[in-house]
Amino acid sequence: MLQIIDKLLKDVENFKAENKEQVEDFRLKFLSKKGEISKVFEEFRNVPNEQKKEFGQKINMLKQSALAKFEALQNNLGNNDNDENGNIDLSLPGTPVELGSHHPLSIVRNEIIDIFSRIGFTVAEGPEVEDDWHVFSSLNFPPEHPARDMQDTFFIEKNPDILLRTHTSSVQTRVMEHTQPPIRSIFPGRVFRNEAISARAHCVFHQIEGLYVDTNVSFADLKQTLLYFAKEMFGTSTQIRLRPSYFPFTEPSAEMDISCSICGGKGCAVCKGTGWLEILGCGMVDPNVLKNCNIDADKYTGFAFGMGVERIAMLKYQVKDIRLFFKNDTRFIKQFEAAK
Ligand code: PHE
């Protein structure tokens with residue numbers, strides 16, 4: 001009987017099936033109630049007790065390998081798009097490839113880069129993990145300035161001189177340290193602030209900084225550049241207004257509002273009845289900053305501006321909660337490609 005089992009094992013192993021009928025033949029021959037393996041199990045009753053263990057193991061092995069073979073034969077057929085004559089069925093549907101989409105923040109960032117590149121601005125980047133010099137000191141922040149407080153800035157515990165940049169203005173210094181004017185660049189990047197997360201604020205967000213340094217750069221140049229940007233971004237009927245403000249690294253400084261694109265300036269819930277929406281900070285580069293970067297402040301002047309990408313995207317697409325940008329829910333993210 002051991003010989004029979006061995007022979008069956010070999011037969012199972014060598015069995016070849018090229019179509020469904022042959023796989024069924026295999027099942028009938030080996031696995032069905034009247035099949036070879038059932039016969040062996042019947043024989044098993046007559047095996048003397050002291051040999052039962054050895055035989056039992058053998059028969060079980062045979063059964064397992066027949067089951068495995070049956071499954072393999074079925075799978076082989078399943079994965080095979082050929083018909084019985086070996087022809088490929090070209091009309092079968094393909095495996096669909098799902099298309100991804102750009103994140104709304106990428107779409108807005110690329111659009112801003114595009115708008116400024118058309119008037120000669122190049123793109124530069126700087127590190128997210130920065131030192132005090134590039135984020136604060138070089139930019140004229142006095143030592144006691146509240147932005148240097150633990151409350152606002154993420155410091156690296158082991159070395160309080162190293163921190164996560166709180167704005168992309170650090171790239172101004174990075175660029176000016178190794179480039180002499182004319183400089184005309186924008187700096188997109190991620191920034192970090194120790195803020196409670198809410199519908200309007202996040203501890204990680206994106207900014208785009210602009211810097212223009214050359215001879216005779218004036219506040220009028222700044223204003224015209226930003227008006228051009230606002231019209232390109234939000235439509236040609238968009239108006240801007242500049243309100244005096246303060247930043248340590250610009251003098252004079254201003255905040256820019258655009259006329260509310262929802263109500264056209266009449267006043268609505270989005271602009272809280274004012275007709276205006278604040279979108280960026282800007283000003284003339286403080287001569288102290290130029291000096292800190294070894295640029296001749298008597299010869300050169302410049303302007304700088306910085307805007308939040310999330311804020312622009314929220315205004316452009318009427319997104320009411322900044323947290324949606326970071327949830328990566330594809331139902332949200334996929335909506336913007338077409339709206340572009
Ligand atoms: N860095 C400023 C901020 O994060 C924005 C700014 C950039 C203001 C450049 C003036 C000039 O709020």
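Good morning. I begin with T225, which is buried, because its relative accessible area of 12% falls under the 20% limit for that class. Please keep in mind throughout that this is a predicted model.

T225 belongs to helix α8, which runs over residues 219–234. Apart from residues within four places in sequence, T225 has F116, I119, F121 and F303 as its contacts.

Is I119 buried, exposed or partly exposed? Its relative accessible area is 29%, so I119 is partly exposed, since this value falls between the limits of 20% and 50%. With neighbours up to four places away set aside, I119 is in contact with R184, T225 and Y228.

Let me now turn to the overall arrangement. The domain assignment divides the protein into domain 1, residues 2–80, and domain 2, which is written as 104–128 + 167–336. Between the C-alpha centres of these two domains there is a distance of 74 Å.

Leaving out residues up to four places away in sequence, G35 touches L28, K29 and F30.

The next part concerns the ligand. How many residues surround it? There are 14, and the closest are H167, S169, R193, Q207 and E209. By class, five of the shell residues are nonpolar, seven are polar and two are charged.

In the side chain of H167, an N or O atom is 3.1 Å from a nitrogen atom of the ligand. S169 places a polar side-chain atom 2.9 Å from a ligand nitrogen. Which elements give two or more residues to the shell around the ligand? They are the strands β6 (204–214), β9 (276–285) and β10 (301–308). β10 supplies the largest share, with three residues.

I return to H167, which also has partners within the protein. H167 lies in the loop from β4 (159–164) to α7 (170–178). The relative accessibility of H167 is 8%, and therefore H167 counts as buried. Its side chain comes within 3.0 Å of the backbone oxygen of V135. Beyond four places in sequence, H167 touches V135, L139, F141, V191, R193, Q207 and F249. Two members of that list, R193 and Q207, are also among the residues closest to the ligand.

I close with features of the backbone, starting with cis peptide bonds. P181 and P182 are joined by a cis peptide bond, for which omega is about 5°. P182 falls in the loop between α7 and β5 (183–192). Another cis peptide bond leads from E251 to P252, with omega near -5°. P252 is part of strand β8, residues 250–259.

Two residues other than glycine have a positive phi to point out. For K272, phi is near 55°. K272 is located in the loop between β8 and β9. Is K272 buried or exposed? Its relative accessibility is 63%, so K272 counts as exposed, the limit for that class being over 50%. For N294, phi is near 60°. N294 has its place in the loop that connects α9 (287–292) with β10, the strand that gives three residues to the shell around the ligand. N294 is exposed as well, because its relative accessible area is 66%.

Thank you for your attention.

Terms used:
Residues numbered from 1 in each chain as written. Predicted model: local features only at pLDDT ≥ 70, side-chain atom pairs only at ≥ 80, totals over all residues. Heavy atoms only, no water. Near = heavy atom within 4 Å. Polar contact = N/O pair within 3.5 Å; in protein donor to acceptor, adjacent residues only side chain to side chain. Helix = DSSP H or I, 4+ residues; strand = E, 2+ residues; numbered from the N terminus. Nonpolar A, V, L, I, M, F, W, Y, C, P; charged D, E, K, R; others polar. Domains from an automatic or database assignment. Buried < 20%, exposed > 50% of the residue type's maximum accessible area, 1.4 Å probe, protein only. Contact = heavy atoms within 4.5 Å.
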